[in-house]
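The exercises below concern aromatic ring pairs and the confidence of the model. Work through each task before reading its solution.

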Amino acid sequence: MASKGLPPPVTHTEPDIPSGAKIFRTVPYVFILPELIFGCWVWILVAATTVYFPVLQGWVMYVSVSSFFFSLMFLLCYLFGFHRNSDSWKVVDSLYHGATAIFYMSAAVLQANATIRSETEVLAQYVPLYYQINVAASVS
C-alpha cells in the first residue's frame with residue numbers, strides 16, 4: 001500500500017562525461033583550454049630567458065612541457081569520446097589534475113627561487129628583461 005503524500009524516491013546518477021564540442025560548455029572540462037594556454041605560456045617564458053640554474057629551470061620546463069602534452073592528450077580523448085563514460089576515466093582525470101597541481105606548485109617555487117637567485121647571484125650578466133620574464137613565468 002503506497003502512501004499518497006510521499007514523493008517517489010530520488011535516484012542520483014553521475015553526470016556523463018561530455019564528448020565532442022560539449023566539453024567546451026561543461027564546467028570542469030572547459031578549464032582544459034586555459035590549462036593548455038598557461039602551460040604553453042610558462043614553457044615560452046622559461047625558454048625565452050637565459051638559463052642560469054639548469055636544474056631548477058629544467059624541472060620547470062619538464063613540468064610545463066609534459067603537462068601541456070598530457071592535457072592535450074586528455075582534450076583529444078574528450079573530443080573524440082575515447083572515455084566512453086567509464087568510471088575509471090573519472091578517477092584517472094582526477095589523479096592527473098591533482099598530480100599536475102602539485103607539480104606546478106613545485107615548479108612555481110623553483111622558478112621563483114631561480115628568479116631571486118638570478119637577481120642576486122648573477123648581477124654581472126643581469127638583464128632586467130630576463131627578471132621580468134622570470135617573474136611572469138613564476139606567476140603563471
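Residues are numbered from 1 along each chain as its sequence is written. The model is predicted: local features need pLDDT of at least 70 and side-chain atom pairs count only at pLDDT 80 or more, while totals for chains, interfaces and linings use all residues, and side-chain values use heavy atoms, without hydrogens and water.

**Exercise 1.** Classify the burial of Y78 and of W89, then describe their ring pair.

Solution. Buried means under 20% relative accessible area, exposed over 50%, and partly exposed in between (1.4 Å probe, protein chains only). Y78 is buried because its relative accessible area is 0%. W89 has 17% relative accessibility, so W89 is buried.

Rings of Phe, Tyr and Trp (its six-membered ring) pair if their centres lie within 6.5 Å; planes under 30 degrees apart are stacked, over 60 edge-to-face, the rest tilted. The count by this rule is 10 aromatic pairs. In one of them, Y78 and W89 lie 6.1 Å centre to centre with 80° between the planes, which is edge-to-face. This pair links distant parts of the chain, 11 residues apart: Y78 belongs to helix α3 (residues 54-80) and W89 to helix α4 (residues 87-121). Helices here are DSSP runs (H or I, at least four residues), numbered from the N terminus.

**Exercise 2.** Which type of aromatic pair do F80 and F82 form?

Solution. The centres are 6.1 Å apart and the planes of F80 and F82 make 40°, a tilted pair. F80 is exposed because its relative accessibility is 59%.

**Exercise 3.** In which helix is confidence lowest?

Solution. pLDDT is the predictor's confidence in each residue, from 0 to 100. Confidence is lowest in helix α5 (residues 128-139), with a mean of 72, and highest in α3, at 88.

Methods
Helices (H or I, at least four residues) and strands (E, at least two) are DSSP runs, numbered from the N terminus.
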